[in-house]
Amino acid sequence: MVTVVGGGFAGVEAAWAAATRGEYVRLYEMRPTCETGAHKTHFLAELVCSNSFKSKSSTSPAGQLKLEMLGLGSIVLPTAESHSVPGGEALCVDRDAFASAITETIETHPLIEVVRREFTPAMAQALIDAREILIIATGPLTSKPLGEWIAQVTGREHLYFYDAVSPTVDASTLDMDVVFAQSRYDKGGDDYLNCPFDKDSYQAFVRELVYAERALPHGMSAEDETLEKIKYFAGCTPIEAIAEGGDRSLAFGNFKPVGLIDPRTGRRPYAALQLRPENAGKTLYSLVACQNRLKWGEQKRVFRMVPGLENAEFVRFGVIHRNTYIDSPQALNASLEMRKVPGLFLAGQITGVEGYVESAAMGIYTGICAVQKARGLKQIQPPRASAYGSLISHLQDPTPREFAPMNINWGLFPDPDEPIRDKQVKRDWKLAQARETFEQWKASLGSADAQSA
């Protein structure tokens, strides 16, 4: 038997993946017995934010991930298609019709038992002690007791309850005629990239930053604003709040140029925004110390004023919000099983992926891995070039950094050995590699399932 905790996207996909492969599943969902404050119904897979499942295009990173999910037997995506509403290029759904259909399909499956009660730490520990398979897919709204238990078994340094994330850009869209590689005082080689400001460009940036339109932290109401201020003292202060402290606050703080020499001028820049690699392949870079509360459109507008970022493509925008997620590279193995607690798997956003589609994808994957574990089979990892392999690579990447949730994007897919300068040609190559290697992986999973039947 496989126990799944959480009836969101990851939870229903994990339960469906295990049950359709012949395993009995007990799925715990605490609603409506215990409410979250974000959900409005008792339905499984209720959408609490947008009703969009991203682009319908099969040639986008999300499109490739969805093709792979369909290949592995997703329940979420076919149901979304059946209950879609007009949304332009995006796959959008009728919230209640979609969630109602998911609920009925899950509750009527002969191998899935849905239990409507809060899952407690004592129940979790009992399953672990009995060497049963447990999948926790409770996402950012994990109950406080269960969150505390996860913190205990993972080590508190590997669990985040608060998320302050800087924007991330695609390295191939940086203007390398302006951006230069150098660590301060040349300590650390060329690990960092630098965007050099002169006085005029710096002052223009700060002016727009201060007056840019801001958003409330995700998941907070206006009444919670005082709680946010408390968190700022823990090192999460938004850069727009720092900039309000004075014209040169950033130049003496987050953007201090000391120890840097702009090769174009041979002098120290007036200020410098540094970029740090987000992955081993250095295809993604985060904007160092640029956590902010600007609306996403404003972030794109303001940060494109930074020298060298005029044409930058953002794969993730900065956020400051409440969240619960694991430092996956340290805490989980490639099957999303807890390194220190065999038999305990995590699925969905709590693993460090972002978005409905990505969370659901990790649910399918964890369900498959749990079945393999339950049957004593060798766990077959997805190929690096596939969309699944690219997400798992992010969750396993040991690159020193502040680990943060990530959507699927081109920067996560591996680059070709021989550089391809044309961006579209390179993306076509990545897509072809993803499709070829995924089909091979799917075939190997099918063979393993047949052998265990």
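Helices here are DSSP runs of H or I with at least four residues, strands are E runs of at least two, and both are numbered from the N terminus.

Keep in mind that this is a predicted model, where local features need pLDDT of at least 70, side-chain atom pairs count only at pLDDT 80 or more, and totals for chains, interfaces and linings use all residues. Residues are numbered from 1 along each chain as its sequence is written, and side-chain values use heavy atoms, with hydrogens and water left out. The pLDDT (the predictor's confidence in each residue, from 0 to 100) averages 87 over the chain, and 88% of the residues score at least 70.

Now look at Thr437, which sits in helix H14 (residues 423–452). Its relative accessibility is 16%, so Thr437 counts as buried. Leaving aside residues up to four places away in sequence, Thr437 touches Pro383, Ala385 and Ser386, a contact being heavy atoms within 4.5 Å.

There's also an open sheet of 3 strands, ordered S3-S5-S4 with antiparallel pairing. Strands S3 (52–55) and S4 (84–85) stand at the edges with a single partner strand each, so one side of each has no neighbour in the sheet. S4 is joined to S5 (residues 90–93) by 2 bridges; pairing takes at least two DSSP bridges between two strands. Val85 stands opposite Cys92 in S5.

Definitions and conventions
Buried means under 20% relative accessible area, exposed over 50%, partly exposed in between (1.4 Å probe, protein chains only).
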